[in-house]
Amino acid sequence: MSAQDRLTDALYGLGWATVKKLPEPVAVRLGRTIADLAWKQRGKGVQRLESNYARVVPDATPERLAELSRAGMRSYLRYWMESFRLPAWSAERVKGGVDVKDIHYLTDGLAAGKGVVLALPHLANWDLAGAWVTTKLETPFTTVAERLKPETLYDRFVAYREGLGMEVLPHSGGTAFGTLARRLRDGGLVCLVSDRDLSASGVEVEFFGDTARMPAGPALLAQQTGALLLPATLWYDESPVMQGRVHPPIEVPESGTRGEKTSVMTQALADAFATGIAEHPEDWHMLQRLWLADLEPRPADGPAGERP
């Protein structure tokens, strides 16, 4: 392990060990202070965030984009402060920490016994939403995590999410899709963060007026297993309670090839994501390149884009 990897792992470990012990108001102030410092330094992540917001809010002035990126960094650090503290939250704190509109789409889908794929973008705190599902709804689910480097950091994230009640599968290795399909055929719930493709097999979609690539997995799983495909979006307001919405189901088209059906369904997913992101752009934590026009050239046999 390199010195940089050791430092990264140590910093995350320090966050989970220390921040969760802080009183909540102190953690909130700490997160905002770190966010403002990072925003003022205007590193690559902040610049990319601002560039992405420029696509979401195309008529924004430079001053408005600066305001959005500052609010975006505060939202991003709120996510981290909450995530570091989540293992110490009581069940009642988790249950009261999220308010989801139209949750009946999810609960009715699960009651039907056909399985549900819940797909989300990188909005607000998807880990808190997951903890709410396992605690408030008392519904376990399966998800997928990208293999981070160093491996010890990946292990920390897996242990953290499993501690919140999730079953976590590695993104790489080729076995995740089959396991997800089995969980769905058994009537289970699968939750996937799905606004950025991490493979070479993503589906091209129109997203805020330009072409991006999003994962095919949610649509393919719904087609293959008969599970319900539900988009969901999250956002913060001024309260300590995160807000959310489950959007209407995305139907499998009646005709077309598997690829054509996947394309139509993934576009519908992207449209639902765009609705939530446009309403709350500052809560979209996309600090990486997303649109194909922004991606750096990659070897033809490798995945396009950056790894977070």
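1. D127 is part of helix α7, which spans residues 126–135; helices (H or I, at least four residues) and strands (E, at least two) are DSSP runs, numbered from the N terminus. The model is predicted, so local features need pLDDT of at least 70 and side-chain atom pairs count only at pLDDT 80 or more, while totals for chains, interfaces and linings use all residues. Residues are numbered from 1 along each chain as its sequence is written, and side-chain values use heavy atoms, with hydrogens and water left out.

2. Is D127 buried or exposed? D127 counts as buried because its relative accessibility is 2%, where buried means under 20% relative accessible area, exposed over 50% and partly exposed in between (1.4 Å probe, protein chains only).

3. The side chains of D127 and Y79 make a polar contact at 3.1 Å. A polar contact is a pair of N or O atoms within 3.5 Å; within protein, one must be able to donate a hydrogen and the other to accept it, and residues adjacent in sequence count only if both atoms are side-chain atoms. Apart from neighbours within four places in sequence, D127 is in contact (heavy atoms within 4.5 Å) with Y79, S83, L86, Y160, R161, L164 and M166.

4. Helix α2 (residues 24–41) packs on helix α4 (residues 62–85) at about 140°, and their axes are 8 Å apart. Axes are lines fitted to C-alpha atoms, for helices over the stretch in contact, and angles run from 0 to 180 degrees between N-to-C directions. The two helices, α2 and α4, are therefore oblique to each other; angles under 35 degrees count as roughly parallel, over 145 as roughly antiparallel, 65 to 115 as roughly perpendicular and the rest as oblique.

5. In the contact of α2 with α4, the residues divide into 10 nonpolar, 2 polar and 6 charged. Here Ala, Val, Leu, Ile, Met, Phe, Trp, Tyr, Cys and Pro count as nonpolar, Asp, Glu, Lys and Arg as charged, and the others, Gly among them, as polar.

6. Helices α9 (residues 176–185) and α10 (residues 217–225) pack at about 50°, with axes 10 Å apart, which means that α9 is oblique to α10. From α9, F177, L180, A181, L184 and R185 meet G217, L220, L221, Q224 and T225 of α10. By class, this contact has 6 nonpolar, 3 polar and 1 charged residues.

7. For the chain as a whole, the secondary structure comes to 11 helices and 9 strands. Of its 308 residues, 48% count as buried.
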